[in-house]
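Dear colleague,

Below is the structure I promised to hand over, followed by notes on what was found in it. Please read the notes with the structure open beside you.

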Amino acid sequence: MWRTRSCARRLETGSVCISPTYNELEIDEFTMISGATYHLQRQYGLSPVLACHEAGIFVRGSTRKDRHSHDDRLQAEEKITMKLHKLASPLGSEILDIDLSRPIDDATFRQIDDAFSERSVLVFRDQVMTPAQHVEFSRRFGGLEIHVLKQYLLADFPEILLISNVVENGKPVGIADAGQQWHTDLSYVEIPSRCSILYAKQIPEPGPDKTYGDTCFVSTAAAYDALDPEMQKYLGTLKARHSYLKRPHVRAKLSEEQKKQVPEVIHPVIRTHPVTGRKCIYVNESFTTEIVGLGKEESDALILQLCEHCQSEQFMYRHKWRVGDVLMWDNCSTQHLAVADYGPEQARLMNRTTVRGTAVF
Ligand code: OGA
Ligand code: MN
């Protein structure tokens, strides 16, 4: 079994590691951390990111098995020549000329994955995907979560959660509250999700000079960087409690059985991004209930101060949806808010997948 420094040193270009899950894990570059760290963390209970940082190397791994299966399917097909461009905010890149319903070769996927780590939000326009294709694309980023609100999962595709204000035969087809308070998905579980991938199926008609149902994102990494060093140091010593039941209307809707499935959890106030190593503020107004060890007044004031700081325009990208958009966001380095400015007659329907994450540190 590998341990910290020695594990990192063994990950050299071209080396092959043996693992019970993947049989072979071939390390093909020194450029970044991705599959290898995930794999090691899961298999050996290490924190390989820290291990690699400590040893001063960054590695990338992918399994031979994965690489072959994706590349075989591409066979003689042309390679993808997508275009990436950064949006004019501290987060977000748009990716054009890619069809997510088709297989994506490993080199292209790696570019997407790298851009995602760097920019925290990716926008793909004009996509037409079946639920199976949405799930398949999402799985490239990790295992998928099945949401606790089983009543809003797509029939035959429990990996897809419906977010919608549409009511059919008197029944809501999805979660009507798209997240209308700032939050990051699943911060209330012990291993929060890595990212969420939202596919726009129906969007309210835009007016002459306004769109409806936009989603705002902020970079919690940029927000951390903007804090003064003393504050960064202090926050680095703190932990906070998160609970799905913070919002009374959510609490009211859950059955006792569902409530039991979401016990509260404690996370560091500042968390480290598992791929980039950037520090991120990990306190959000929807789920963070308390800073551990502070009195209620001081705790509430600090939560409010951090949330207001994160929500500043300078860290923000506001997405104006079009049908066919696929947008993914990083649940460590961002917070988001669904703007609730449309009525029940303006149908909005989104399909969401949620990719599993790794331990918070
Ligand atoms: C979500 C979410 C935002 C939106 O799906 O987690 O916050 O605008 N959605 O639908
Ligand atoms: Mn959300």
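**Confidence and overall make-up**

The protein has a mean pLDDT (the predictor's confidence in each residue, from 0 to 100) of 83, with 78% of its residues reaching 70 or more. This is a predicted model, in which local features need pLDDT of at least 70 and side-chain atom pairs count only at pLDDT 80 or more, while totals for chains, interfaces and linings use all residues. Residues are numbered from 1 along each chain as its sequence is written, and chains are lettered from A and ligands numbered from 1 in the order in which they are written. Over residues 1-68, pLDDT stays under 50.

The secondary structure comprises eleven helices and 21 strands, taken as DSSP runs (helices H or I, at least four residues; strands E, at least two) numbered from the N terminus. Of the 361 residues, 36% are buried, that is, with 20 or more other C-beta atoms within 10 Å of their own, C-beta atoms being placed from the backbone.

**Helix α6**

In α6 (residues 131-139), the buried residues are His134, Phe137 and Ser138. They lie on the same side of α6, because they cover an arc of only 100° around the axis, judged by the directions from the helix axis to the C-beta atoms.

**Ligand 1**

The residues around ligand 1 (C-beta atom, placed from the backbone, within 6 Å of it) include Ile163, Asp185, His336 and Arg352. At least two residues of this shell come from each of β11, β20 (334-338) and β21.

Best wishes

How values were computed. A residue is buried if 20 or more other C-beta atoms lie within 10 Å of its own, exposed if 12 or fewer, and partly exposed in between; C-beta atoms are placed from the backbone. Two residues are in contact if their C-beta atoms, placed from the backbone, lie within 7 Å.
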